[in-house]
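Work through the exercises below with the model open. Try each task before reading its solution.

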Amino acid sequence: MTNLFDIKGKVALITGSTHGLGMAMAKGLGEAGATIVVNGNSSQQKIDDAVQLLKSEGINAVGYKFNVTEEKEVIEAVRKIESEVGPIDILINNAGIIKRIPMLEMEVADFREVVDIDLVSPFIVSKHVAKGMIERRQGKIINICSMMSELGRSTVSAYAAAKGGLKMLTKNMATEWAKYNVQINGIGPGYFATEQTKPIRVDGHPFNDFIIGRTPAAKWGDPSDLAGAAIFLSSKASDFVNGHILYVDGGILATIGKPANEE
Ligand code: GCO
């Protein structure tokens, strides 16, 4: 039986992949044989360092600096990648920011910035990568959603609005593009040990204890726990899966939680 999970030689563009969950998925897909296109917009050095890290692990990687919220930059980057590396087989829309500010104190500009990066940029990048996938009648798009695609949490209104929207954008992409043999799905990470969650993960921080209690697996996820879901949704194994958000959350969304005094 051909290996349903074989992605050897596929070209995977992962936005925001110089660190965190993006880098973890880059390692996962790279170790499975895909060529990784690293993207970032903060500094060329960070991109070069990320490419070097992947190459040091025997992974074929290249880096492209572009701002995923600027359509002209995205169009040019996609053109360069597809001429210099090859057609993009797999797109992971991972780039994202979060601002933890109570709504009454949040500036409109802050709200707009989060929505622009976390929701509008997946629209922009997908639109321009999907064109080639549709022509080739094959492709995989994975949008990185969140627990906040399903649940609210105080202080993260813009992030929740964006990630909720990204869940529905995923379903709409599937609605419009599945007939061209393009599969568009989402991954919804639970709470993972990353730079983004570092401020709320320190020992003794009330949120740290809350998450441990709210997660049936009773721990923070390790970024490497996402590799399997990313490989599944990037491979033949998911060719009839579309518009699905695969939650990798240690069981958070499966439960209402438990009383404080219950083990
Ligand atoms: C927060 C966290 C979350 C996680 C993740 C959960 O402040 O609640 O940063 O947003 O990062 O998105 O799925």
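## Exercise 1: The ligand site

In this predicted model, a polar side-chain atom of Arg153 lies 2.6 Å from an oxygen atom of the ligand.

**Solution.** 
1. Start with the side chains. Tyr159 has a polar side-chain atom 2.7 Å from an oxygen atom of the ligand.
2. Widen the view. There are 14 residues around the ligand. Those that come nearest are Arg100, Arg153, Tyr159, Pro189 and Gln196.
3. The ligand takes up the space of the largest pocket.

## Exercise 2: Ser146

**Task.** Decide whether Ser146 is buried or exposed, and list what it contacts beyond its sequence neighbours.

**Solution.** 
1. Locate Ser146. It sits in the loop between strand S5 (139-144) and helix H5 (157-177).
2. Check the area. Ser146 has a relative accessible area of 6%. Buried means under 20%, so Ser146 is buried.
3. Look at its side chain. A polar atom there lies 2.8 Å from the backbone nitrogen of Met148.
4. Leave aside neighbours within four places in sequence. Ser146 is then in contact with Tyr159, Lys163, Ile187, Gly188, Pro189 and Tyr247.
5. Link back to the ligand. Tyr159 and Pro189, contacts of Ser146, are among the residues that come nearest to the ligand.

## Exercise 3: Helix H7

**Task.** Explain why helix H7 (residues 227-234) counts as largely enclosed, and name what covers it.

**Solution.** 
1. Name the buried residues. They are Ala227, Ala229, Ala230, Ile231, Leu233 and Ser234.
2. Draw the conclusion. Because 6 of the 8 residues of H7 are buried, the helix is largely enclosed by the rest of the structure.
3. Identify the cover. It includes helix H1 (20-31), strand S4 (90-93), S5, strand S6 (182-189) and strand S7 (245-248).

## Exercise 4: Gly33

**Task.** Classify the exposure of Gly33 and find what it touches.

**Solution.** 
1. Locate Gly33. It lies in the loop between H1 and strand S2 (35-40).
2. Classify it. Its relative accessibility is 31%, so Gly33 counts as partly exposed.
3. List the contacts. Not counting residues up to four places away in sequence, Gly33 touches Ile7, Lys8 and Gly9.
4. Take a distance. Gly33 and Lys99 are 35 Å apart in space, C-alpha to C-alpha, and 66 residues apart in sequence.

How values were computed
Residues are numbered from 1 along each chain as its sequence is written. This is a predicted model: local features need pLDDT of at least 70, side-chain atom pairs count only at pLDDT 80 or more; totals for chains, interfaces and linings use all residues. Side-chain values use heavy atoms; hydrogens and water are left out. Helices (H or I, at least four residues) and strands (E, at least two) are DSSP runs, numbered from the N terminus. Buried means under 20% relative accessible area, exposed over 50%, partly exposed in between (1.4 Å probe, protein chains only). A polar contact is a pair of N or O atoms within 3.5 Å; within protein, one must be able to donate a hydrogen and the other to accept it, and residues adjacent in sequence count only if both atoms are side-chain atoms. Contact means heavy atoms within 4.5 Å. A residue is near a molecule or strand if one of its heavy atoms lies within 4 Å of it. On a 1 Å grid over the protein atoms alone, a cavity is a set of points where a 1.4 Å probe fits but cannot get out, and a pocket is an open set with protein on both sides within 12 Å along at least five of seven lines; lining residues have an atom within 4 Å of a point. A molecule sits in a cavity or pocket if more than half of its atoms lie within 2 Å of its grid points.
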